[in-house]
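Visitor: I would like a close look at one part of this model. Please take it residue by residue.

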Amino acid sequence: MPHHQTALRLVAPVAVLALTLTACGGGDDTADAKGTGTARAKASPSPEPTSGGEMGTGESATGKVAEDPGEVTYQVLAQKVDVGTEAEAAKAVSEPDKVKGKVLAVAHLKYTHESGPALTDGSDVHDGTTVFADGQRGTVLIGASEDAAGCEDPYDVDSWKQGESHVFCETYVIPANAKSIEVHWAEEDGEPYIWKFPNG
């Protein structure tokens, strides 16, 4: 079932289009990552990755995040993606010509604090989230997500105890004609968990 939202509530002056596309993960640490990864693989080969993979609709992933004051284990579920219109995308950014033929995709993720210390000053769990359309990473729209209906600002969560859940959202700009949308979430240095949503 497609999840379209006819009026994404976004504050146009605040949202900033991150024009530096980071489709490939960082460049500076690639050599180091290859070197240590190869050494680690030879020392202790592991038969399967510890995290990541395709997820079914309604299926949750479990992952750990280094938070302040300590490591927290979360249950993560990509609930839906709200896809807007080209007109809404143009209104949401300061340079509308840069989003011609594109729409906003707001991914809603539910995070449940499974174990670890209670959080008292925001959370970084959402940092592992990205949105892809037809296999290509979208462009993040900074400052828009907390204004979307049903979304909370992770930096406003000042008390988060074990067993409690919050819904954080990520807004990306994707091609209007994209056939499928993927929501990726990964632990730091982990393989992504991937939820697929049809577009249209």
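Visitor: Is aspartate 189 buried or exposed?

Guide: Aspartate 189 is exposed, with a relative accessible area of 78%. Here exposed means over 50% relative accessible area, buried under 20%, and partly exposed in between, with a 1.4 Å probe and protein chains only. A word on the source: this is a predicted model, where local features need pLDDT of at least 70, side-chain atom pairs count only at pLDDT 80 or more, and totals for chains, interfaces and linings use all residues. Residues are numbered from 1 along each chain as its sequence is written, and side-chain values use heavy atoms, without hydrogens and water.

Aspartate 189 sits in the loop between strand 10 (180-185) and strand 11 (193-198). Strands are DSSP runs of E, at least two residues, numbered from the N terminus. The phi of aspartate 189 is positive, about 65°, although the residue is not a glycine. Most residues other than glycine have a negative phi.

Aspartate 134 also has a positive phi, near 50°. It lies in the loop between strand 6 (129-133) and strand 7 (136-137). Aspartate 134 is partly exposed, at 42% relative accessible area.

Now to strand 10 itself, which holds histidine 184. Histidine 184 is buried, at 9% relative accessibility. Its side chain makes a polar contact of 2.8 Å with that of glutamate 182. Such a contact is a pair of N or O atoms within 3.5 Å; within protein, one must be able to donate a hydrogen and the other to accept it, and residues adjacent in sequence count only if both atoms are side-chain atoms. Leaving aside residues up to four places away in sequence, histidine 184 touches Gly128, Thr129, Thr130, Phe132, Pro192, Tyr193 and Ile194, with contact meaning heavy atoms within 4.5 Å.

Conventions:
Helices (H or I, at least four residues) and strands (E, at least two) are DSSP runs, numbered from the N terminus.
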